[in-house]
Amino acid sequence: MKWPAVLLRSLLGLSRAPAQATVDELVAAAREAHVPAALVLAVCQVESGLGTRGAILCGCGVDRSVRAQARCAAGTLAHGRRLCGGWAPALRRYRYGGCPVADPRRYVLRVGAYGRRLGL
């Protein structure tokens with residue numbers, strides 16, 4: 001599925017659309033890591049508004065480049081799923097580390113809300 005940035009803006013309620021190149025990098029990294037693109041997009045939306053809020057794109061690692069953020073997010077989610085046994089535990093791992101059961105900041109619910117808007 002092609003993810004036009006303007007469509008993401010309307011689906012996610014962003015004040016402005018992310019750069020199309022950013023969206024394309026996130027989707028490509030998700031495909032490469034065998035992670036649903038909507039999940040990577042939702043994580044990066046929660047972390048930075050898909051880069052529209054000026055924060056580190058996916059809240060991942062020290063390299064702030066779009067490609068590094070996309071690959072880090074997708075790879076971390078894929079690894080978390082293998083280690084923790086599912087996407088919800090992978091999301092908790094992404095946010096808190098380890099394979100935690102608790103989700104004090106309701107991260108899984110927040111990502112899930114955006115994921116549902118994207119058809120995840």
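User: How many disulfides does the structure hold, and what makes a pair count as one?

Analyst: The structure holds three disulfides, a disulfide being a pair of cysteine sulfur atoms within 2.5 Å. This is a predicted model, in which local features need pLDDT of at least 70 and side-chain atom pairs count only at pLDDT 80 or more, while totals for chains, interfaces and linings use all residues. Residues are numbered from 1 along each chain as its sequence is written, and side-chain values use heavy atoms, with hydrogens and water left out.

User: Why is the pair of Cys44 and Cys58 called a disulfide?

Analyst: The sulfur atoms of Cys44 and Cys58 are 2.0 Å apart, and the cut-off is within 2.5 Å, so the pair qualifies. Their link is right-handed, with 100° about the S-S bond. The pair links distant parts of the chain, 14 residues apart: Cys44 is in helix α3 (residues 37-48) and Cys58 in the loop between α3 and α4 (66-84). Helices (H or I, at least four residues) and strands (E, at least two) are DSSP runs, numbered from the N terminus. Both Cys44 and Cys58 are buried, the term for under 20% relative accessible area, with exposed over 50% and partly exposed in between (1.4 Å probe, protein chains only).

User: Why is the disulfide of Cys60 and Cys72 called left-handed?

Analyst: The torsion about the S-S bond of Cys60 and Cys72 is about -60°, so this disulfide is left-handed. Cys60 lies in the loop between α3 and α4 and Cys72 in helix α4, so the link ties together parts that are twelve residues apart in sequence. The sulfur atoms of Cys60 and Cys72 are 1.8 Å apart.

User: What makes Cys60 buried or exposed, and what of Cys72?

Analyst: Cys60 has 7% relative accessibility, so it counts as buried. Cys72, at 25% relative accessibility, counts as partly exposed.

User: Which parts does the pair of Cys84 and Cys99 tie together?

Analyst: The sulfur atoms of Cys84 and Cys99 are 2.0 Å apart, and they form a disulfide. Cys84 lies in helix α4 and Cys99 in the loop between α5 (87-96) and α6 (107-117), so the pair joins parts that are 15 residues apart in sequence. The link of Cys84 and Cys99 is left-handed, with -80° about the S-S bond. Cys84 is buried because its relative accessible area is 18%, while Cys99 is partly exposed because its value is 43%.

User: What is the pairing when the bonded cysteines are numbered in sequence order?

Analyst: The pairing is 1-2, 3-4, 5-6.

User: Which residues make the contact of α3 with α4, and how do you know its class?

Analyst: The axes of α3 and α4 are 10 Å apart, and the helices pack at an angle of about 115°; axes are lines fitted to C-alpha atoms, for helices over the stretch in contact, and angles run from 0 to 180 degrees between N-to-C directions. Leu39, Val40, Val43 and Cys44 of α3 meet Ala73, Ala74 and Leu77 of α4, contact meaning heavy atoms within 4.5 Å. By class there are seven nonpolar, no polar and no charged residues. Ala, Val, Leu, Ile, Met, Phe, Trp, Tyr, Cys and Pro count as nonpolar, Asp, Glu, Lys and Arg as charged, and the others, Gly among them, as polar.

User: Why is Leu39 called buried?

Analyst: Leu39 has a relative accessible area of 4%, so it is buried. Not counting residues up to four places away in sequence, Leu39 touches Leu77, Trp87, Leu91, Val111 and Leu120.
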